[in-house]
Amino acid sequence: MNLSEIERREHYLNVNYGIRSWLFTTDHKRIAWLYLLSVTVFFFIGGLFATLMRIELLTPQGDLVQAETYNKFFTMHGVTMVFFFLIPSIPNVLGNFLVPMMIGARDLAFPRLNLASWYIFILGGAFTLMAAAAGGVDTGWTFYTPYSSIYSNTHVVLTVVGVFVTGFSSILTGLNFIVTIHKMRAPGMTWFRLPLFIWAHYATSIIFILGTPVIAITLVLVGLERIFRLGIFDPALGGDPVLFQHLFWFYSHPAVYIMILPAMGVVSELIACFSRKRIFGYSVVAFASLAIAVIGFLVWGHHMFVAGQSVHASMIFSLLSFLVAIPSAIKVFNWTATLYKGSISYDAPMLYALGFIGLFTIGGLTGLFLATLGIDVHVHDTYFVVAHFHYIMVGGAVMGYLGGIHFWWPKMTGRTYPEIWARLAALLIFVGFNLTFFPQFVLGYVGMPRRYHVYPPEFQVLNVMSTAGASILAVGYLLPLMYLIWSLRYGAVAGANPWRARGLEWQTPSPPPTENFDRTPTVTEGAYAYEKDPEEIYTLGKPAHV
Amino acid sequence: MSSKPVVSVRVYVLVFLALLVLTAVTTTIAFFDLGGGVNNAAALTIAVCKAVLVILYFMHVRYSDRLTWVFVAAGFFWLLILIGGTMDDVLTRQEISRASETPPAQLQRR
Amino acid sequence: MSKVEVFRQHHFEDVEQQHEASWLGMWVFLATEVMFFGGMFACYFVYKHWYLQAFAAASNHLDIWLGAINTAVLICSSFTMAMAVYSAETNRAKPLVRYLLLTILLGLVFLGIKLFEYHSKFEEHLVPGSSFKFEESLARPAEIFFSFYFAMTGMHAVHMIIGIGLLTALVLQARRGRFSVVYHTPVELTGLYWHFVDIVWIFLFPLLYLLGRHV
């Protein structure tokens with residue numbers, strides 16, 4: 001296929017032009033792009049705050065900024081990265097683009113709600129950025145009371161309004177995915193023929209639906225307490241700050257599973273494709289996704305072991321936290337078993353997937369250390385915790401996101417990216433990541449507290465290593481930004497299925513037509529049938545009833 | 001749902017009357033001290049009954065498919081997880097003294 | 001194209017699928033609302049456990065009769081809403097409009113009574129903040145009670161207002177003949193929302209108003 005053929009064929013990108021056709025679109029694929037641009041901006045804003053923090057931490061003294069300013073940096077870093085990058089990235093970019101395609105539908109169940117969710121996301125982001133511009137917030141992304149509700153002199157209300165509003169973007173997305181997956185699967189697409197990416201997004205949507213409203217109301221209460229002086233978490237009235245933490249973590253713990261489950265879904269797709277094999281134990285992996293989502297709601301108290309929570313409750317939460325590691329571990333075993341005797345290739349998406357498995361395992365295992373009551377007493381609020389969650393969120397979720405972006409880039413754009421640069425970037429990210437965060441395990445273990453801008457001089461070497469790693473990581477992240485944009489104009493034209501993958505999304509041209517499929521597909525085979533030819537698996541069904 | 005039967009007016013009227021009666025009952029009981037947590041339990045039980053009537057009949061769940069039931073149940077079940085986990089902590093704290101009705105005098109409202 | 005086809009959106013295969021999707025979508029949304037209000041209920045239960053005496057005393061300052069009347073008003077409005085859906089299902093266009101209007105009216109009555117209650121609380125110095133006055137030994141937890149009273153009934157009122165807005169839009173559409181036995185999904189879904197808001201009040205009434213009446 002050459003360029004002029006592509007330009008002549010109508011697809012979702014060229015069907016109409018102009019800003020209005022993008023801002024008023026209801027096409028899930030275009031909305032995915034709107035989100036892609038937005039989350040990328042927020043990623044680099046969050047990265048900017050991280051950069052400032054790591055520069056300060058080059059020296060033991062507080063010489064770059066004052067403590068109050070540093071507090072604002074880590075707060076804005078956390079808020080931006082958690083709510084405006086990690087939570088929306090895979091579901092709202094890859095999920096939006098792929099969920100309808102993978103199940104053989106023409107769009108999500110509620111396309112206008114989908115567009116609304118993006119506008120809501122932008123509105124929430126605007127409030128939060130306004131708060132940052134006005135001087136920021138210093139409560140930590142965790143907004144613990146009574147500091148956030150009474151004593152902080154920073155722009156708490158504006159920030160919680162921003163996060164509150166954005167939460168509805170999550171809720172609408174989850175609602176859309178659940179209804180779509182239940183009601184809009186193509187003929188023959190039974191539940192156990194679905195790609196694991198879909199199972200992962202279904203499980204994630206359960207968390208969106210049942211968890212996000214709780215943080216929404218919690219932030220409302222904090223806001224009301226600040227504005228109207230209601231006394232909900234005020235200790236002077238007999239209010240309980242730990243109660244805030246219960247409500248906050250009831251969502252925010254499952255939120256971390258929102259961040260990792262979609263990445264696991266991506267990894268399943270990548271491992272299968274680049275080993276040319278079915279995923280080992282498909283149904284077990286599917287159920288493991290649901291198990292993670294459900295059990296993930298039962299463990300929130302492990303963030304509160306030293307907060308004043310009862311020992312009784314802490315023990316139960318500790319036990320359940322061990323339990324939730326099991327389905328994650330099962331997935332790692334199943335991916336490894338898939339690799340065994342597979343026909344492995346090392347394209348960039350696969351590098352990200354392999355990196356994910358290793359780094360997620362380290363992050364997950366250190367989570368078990370933290371789930372152990374006795375150990376947590378020593379490492380809580382130290383850099384050990386920081387290293388643990390960055391291994392999962394950066395070594396896991398971000399790498400899953402990048403792997404997915406690279407894998408589906410040809411489908412989304414009709415172009416391939418330059419493979420050499422992509423592999424280089426993946427390697428740089430892997431090396432930079434480990435250099436940044438492994439020293440932090442050591443730092444935490446020997447006692448460096450988190451959220452401090454000063455530290456004892458004996459910790460400097462490890463901090464310098466960490467900052468050096470961060471600079472490599474930054475280069476690694478900037479590279480894809482550059483070559484992916486480059487590829488939009490100069491990349492080689494991609495066919496419908498450059499990876500020779502299975503999956504309905506690869507049975508339609510790249511870029512896809514607006515309605516995704518010219519004819520409604522009929523599915524007769526499960527996912528990942530790599531031992532068969534695609535033609536044996538899919539039959540073109542009746543003309544799409546548009 | 002088009003495949004669902006139209007619920008009759010008679011059913012609606014009966015449910016409506018039942019709801020009013022239950023409201024009267026719960027209001028009346030409140031004036032009598034039934035000891036222990038009985039008042040509490042009674043009020044909550046009656047509220048649950050009223051909610052169930054609204055859900056089953058006014059909201060047609062009685063005539064809906066299983067998927068609907070799952071989501072109805074899930075919402076309330078998850079709320080129980082939140083309340084249960086929080087109350088477990090609250091009920092098992094070994095507090096030397098709860099501030100009880102009067103928090104320490106030193107704590108001033110800002 | 002059959003009459004019903006007019007209402008099918010392009011990404012659905014048939015109206016049946018569209019209706020099922022809309023119905024499920026509304027129930028998923030209501031599950032989120034359960035969790036949203038539920039967060040406040042969870043906090044309320046904790047404080048009620050710790051400060052029962054103060055909460056009971058504070059609850060006594062609420063007007064139980066206005067609360068009970070409001071409960072009855074909302075139950076009536078749920079009935080009229082159910083009758084509105086019934087009218088749409090049985091192709092009775094005029095009763096549909098009348099029942100929708102009745103539901104709106106009852107909703108406004110509820111809000112009116114609530115406004116009156118809020119006003120009296122203000123007059124009695126029971127609004128949390130610097131003007132709050134209560135029997136000294138119970139004053140502080142009582143202020144927590146009233147914080148929840150205003151937060152919970154306030155949030156409920158916001159949902160009522162949104163519901164009335166939705167019902168108004170329905171009335172305007174119904175008068176233009178948009179709904180019939182063949183298509184009335186918006187009426188059904190608004191009904192689900194309205195009944196849910198009623199259920200929230202069904203729990204709010206005993207928890208806020210009926211705590212300490214037997215003292």
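This is a predicted model: local features need pLDDT of at least 70, side-chain atom pairs count only at pLDDT 80 or more; totals for chains, interfaces and linings use all residues.
Although N516(A) is not a glycine, its phi is positive, at about 70°. N516(A) has a relative accessible area of 0% and is therefore buried, the limit being under 20%.

Another cis peptide bond in chain A runs from T145(A) to P146(A), with omega near -5°. P146(A) belongs to the loop between helix 5 and helix 6 (147-151) of chain A.

Chain C contains six helices and zero strands, and its pattern along the sequence reads α-α-α-α-α-α. Along the principal axes, the C-alpha atoms of chain C fill a box of roughly 75 × 30 × 30 Å. Chain C has 215 residues, and 68% of them count as buried. The accessible surface of chain C is about 7600 Å², and carbon and sulfur atoms account for 66% of that surface. Contacts within chain C can also be sorted by distance along the sequence: among those between residues at least 6 apart, 79% join residues at least 24 apart.

N91(C) is a residue other than glycine, yet its phi is positive, near 60°. N91(C) lies in the loop between helix 3 (64-89) and helix 4 (93-123) of chain C. The relative accessibility of N91(C) is 48%, so this residue counts as partly exposed, a class that lies between 20% and 50%.

The contact between chain A and chain C comes next. Chain A brings 43 residues to this contact and chain C brings 36 residues. About 3300 Å² is buried between the two chains, with carbon and sulfur atoms giving 69% of that area. On the chain A side, the residues that lose the most area to chain C are K183(A), I217(A) and L237(A), which together make up 18% of what that side buries.

Eleven residue pairs between chain A and chain C are in polar contact, with both residues at pLDDT 80 or more. Four helices of chain A each supply at least two residues of the side that touches chain C: helix 5 (111-133), helix 7 (156-183), helix 8 (196-228) and helix 9 (241-275). Helix 8 of chain A gives the most, with ten residues. Sorted by class, this side of chain A has 29 nonpolar, six polar and eight charged residues.

Chain C also meets chain B. Here 58 residues of chain B are in contact with 56 residues of chain C. The area buried between chain B and chain C is about 4900 Å², and carbon and sulfur atoms give 76% of it. Between these two chains the count of salt bridges is zero, while two residue pairs are in polar contact, both residues being at pLDDT 80 or more. On the side of chain B that touches chain C, the elements giving two or more residues are helix 1 (9-29), helix 2 (38-58) and helix 3 (66-92) of chain B. Helix 3 of chain B provides the largest share of that side, 14 residues. By class, the side of chain B that touches chain C has 36 nonpolar, 14 polar and eight charged residues.

Technical notes:
Residues are numbered from 1 along each chain as its sequence is written. Chains are lettered from A and ligands numbered from 1 in the order in which they are written. Side-chain values use heavy atoms; hydrogens and water are left out. Contact means heavy atoms within 4.5 Å. Buried area is the accessible area (1.4 Å probe) that two parts lose on being put together, summed over both. A polar contact is a pair of N or O atoms within 3.5 Å; within protein, one must be able to donate a hydrogen and the other to accept it, and residues adjacent in sequence count only if both atoms are side-chain atoms. Ala, Val, Leu, Ile, Met, Phe, Trp, Tyr, Cys and Pro count as nonpolar, Asp, Glu, Lys and Arg as charged, and the others, Gly among them, as polar. Buried means under 20% relative accessible area, exposed over 50%, partly exposed in between (1.4 Å probe, protein chains only). Accessible areas come from the Shrake-Rupley method with a 1.4 Å probe; for residues, only the protein chains shown count as cover. A salt bridge is a side-chain nitrogen of Lys or Arg within 4 Å of a carboxyl oxygen of Asp or Glu.
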